[in-house]
Amino acid sequence: MDERVRGASSAHWRTQEMFLLQEVMNLIGKGIHLDQVAREMLHLLSEIVGLNRGRIVLKDPEGDGYRIAYSYGLTREEAARGRYAAGEGITGRVIKDGHLIIVQDIDKDPIFLGRAVERARLPRGAVSFLALPIRVDHRTVGAIACHRIRHRERALSDDLTILRIIATMVSQLLTLNERVERKTRALEEHNDMLARELRIKRARYGIIGTSPALLRALGQVEKVANATASVLLLGESGSGKELFARALHLASPRRDRPFIKVNCAAIPDSLFESELFGHERGAFTGAVEARAGWFEQASGGTIFLDEIGEMPAVLQTKLLRTLQEGTVVRLGGKREIRVDMRLVAATNRDLAAEVAHGRFREDLFYRLNVVPITLPPLAERRSDIPDLVLHFLTKANQDNQRNVNLTQAAFGTLARQPWPGNIRQLANFIERLVLLSGDGVLDTDDLRPLLEGDRMAGFATSQSLPGPAPERGLPIRPYLPASSHDHEQLRIALSQAGGNKTRAAQRLGLTERQFSYRWRKLQAAC
């Protein structure tokens, strides 16, 4: 009878081991990221064979020692405490010597540190600790370790065998991951080079787009680039006036001289004269030395005055004199200083209306309005939106080390939005999308929460978002237990997604792997 019981128990554990290895191989076969596979390995070790609080210790990228890189059953604080020098404690010795170490009873081994997990959080009675080296190319790069209840029906030799297999798999994954990262970096560098070349060919003066409205405005810029007359850029806020001012400078003979940009709305009235025209030493309290103003610094080049409608009336007179005479007088100074600069001004106000209401000098308005160029709002250049989205998406991914992409449907949805904040609003939206999303390909439904957020913040959105509101927002997925959804919830989501497990998972706030795992588990139980 005892033999039959022992045989049945052995068969049970063999079945569990085979299931564990099958699940691990399925994860690896799907090409999931190393961190997901490693944590799931440790999860399965705990759930299936009872090797608890598993951790994989690898080289600390920010220091000289080693740290717990992946774990299951440890809190964030416990994992953070798991840092070891080579040769320190049981884990450090395994890494230094490259040999398996078995601690039969952690309470009786003086070398065992117990650094990560406090003894009070472990089960009563004798607790063992198993630690095995992880080797890559015949060198030890880390360790895999776990706690084990000492007195249990499963043989220690069986636990060590399964741990050795898992350690070998981790070793292979680290090797593959390193090779993939090298190839990915090479491809990214090559793609960056191609993208830069493409942007240089397509983007004139850094301005992206080929719509007729944009090309008309650029054509006007190039026609007046060689002249010295003042240019007034008109258009809605966020339509790219600074880029057009720089384009005018780059297309002119002054391209190698200074380009000075000044936001008139950002300068306090008390500092306006000093900032634009400069000051002499002692002109006011704190003026310990003379300073050249922006007009002097721009001499020989171009000065761009953005939001010129915000300039105080008293300084409008002085600006008019500078434009007429080609000289400036510093605050507190008496001599005229000759300057030779091209003035480009910009405003989103109706300056003619401001003149009619007495808020802007009429003679200055005519002096600025020699060559008016109206920049098209984004709503008039919708064909440029996909190129702009791709440009901002690439930049945000690179800046934030993300890999967010959009479906063609999502590109189309963004192209149909009105974007009252123009290019500035679009750029901010894309950056926010990248920061709040998990890596992957986003569809129209994934854009809806942020578009709705813009609407609530005061930006109107178009009625171009078809279908019902999604059940959840962007795919930011917290950890969920395996029992988080029942069979009926999974079935309904799969039906609504037309049988597509990826879309069904997104509806439930899961990854495709999490959805498939729950589906298989519940199908097996039925």
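**Exercise 1. Determine whether Arg124 is buried or exposed, and place Arg124 in the chain.**

Solution. Arg124 is exposed, because its relative accessible area is 87%, and exposed means over 50%, buried under 20% and partly exposed in between, with a 1.4 Å probe and protein chains only. The next step is location: Arg124 belongs to the loop between β4 and β5. Helices (H or I, at least four residues) and strands (E, at least two) are DSSP runs numbered from the N terminus.

The model is predicted: local features need pLDDT of at least 70 and side-chain atom pairs count only at pLDDT 80 or more, while totals for chains, interfaces and linings use all residues. Residues are numbered from 1 along each chain as its sequence is written, and side-chain values use heavy atoms, with hydrogens and water left out.

**Exercise 2. State in which order the six strands of the antiparallel sheet are arranged, and describe what lies across them.**

Solution. The order is β3-β2-β1-β6-β5-β4, and the sheet is open with antiparallel pairing. Two strands pair if DSSP finds at least two bridges between them. At the edges are β3 (83-84) and β4 (101-103), each of which pairs on one side only. Within the sheet, β5 and β6 are joined in the antiparallel sense over 10 bridges. Leu130 has Cys146 in β6 as its bridge partner. Helix α2 then lies across β1, β2 and β6, at about 75° to β2. Such angles run from 0 to 180 degrees between N-to-C directions, the axes being lines fitted to C-alpha atoms, for helices over the stretch in contact.

**Exercise 3. Identify which residues have the most contacts inside the largest nonpolar core, and which elements supply this core.**

Solution. A nonpolar core is a set of buried Ala, Val, Leu, Ile, Met, Phe, Trp, Tyr and Cys residues joined through side-chain atoms within 4.5 Å. The largest one has 35 residues, and Leu20, Leu45, Ile56, Ile144 and Ile166 have the most contacts inside it. Elements giving two or more residues include α1 (2-29), α2 (34-49), β1 (52-59) and α5 (156-202). Taking Ile144 as an example, its contacts (heavy atoms within 4.5 Å) include Leu42, Ile56, Leu132 and Ile166, leaving aside residues up to four places away in sequence. A second, separate core has 30 residues, among them Leu276, Met341, Leu343 and Phe360.

**Exercise 4. Describe the five-stranded sheet and the helices that pack on it.**

Solution. The strands follow the order β8-β11-β14-β7-β15 in an open sheet with parallel pairing. Its edge strands are β8 (259-263) and β15 (371-374), which each pair on one side only. On average, neighbouring strands are turned by 20° against each other, direction ignored. Five bridges link β8 to β11 (residues 302-306) in the parallel sense, and Asn263 stands opposite Asp306 in β11. Helix α7 (residues 241-250) touches β7, β8, β11 and β14, its direction making about 155° with that of β8. Helix α6 (residues 212-224) lies across β7, β14 and β15, at about 160° to β15.

**Exercise 5. Find where the charged end of Arg291 sits.**

Solution. The charged end of Arg291 sits over the ring of Trp294, 5.4 Å from its centre. The criterion is that NZ of Lys or CZ of Arg lies within 6 Å of the ring centre and within 35 degrees of the ring normal.
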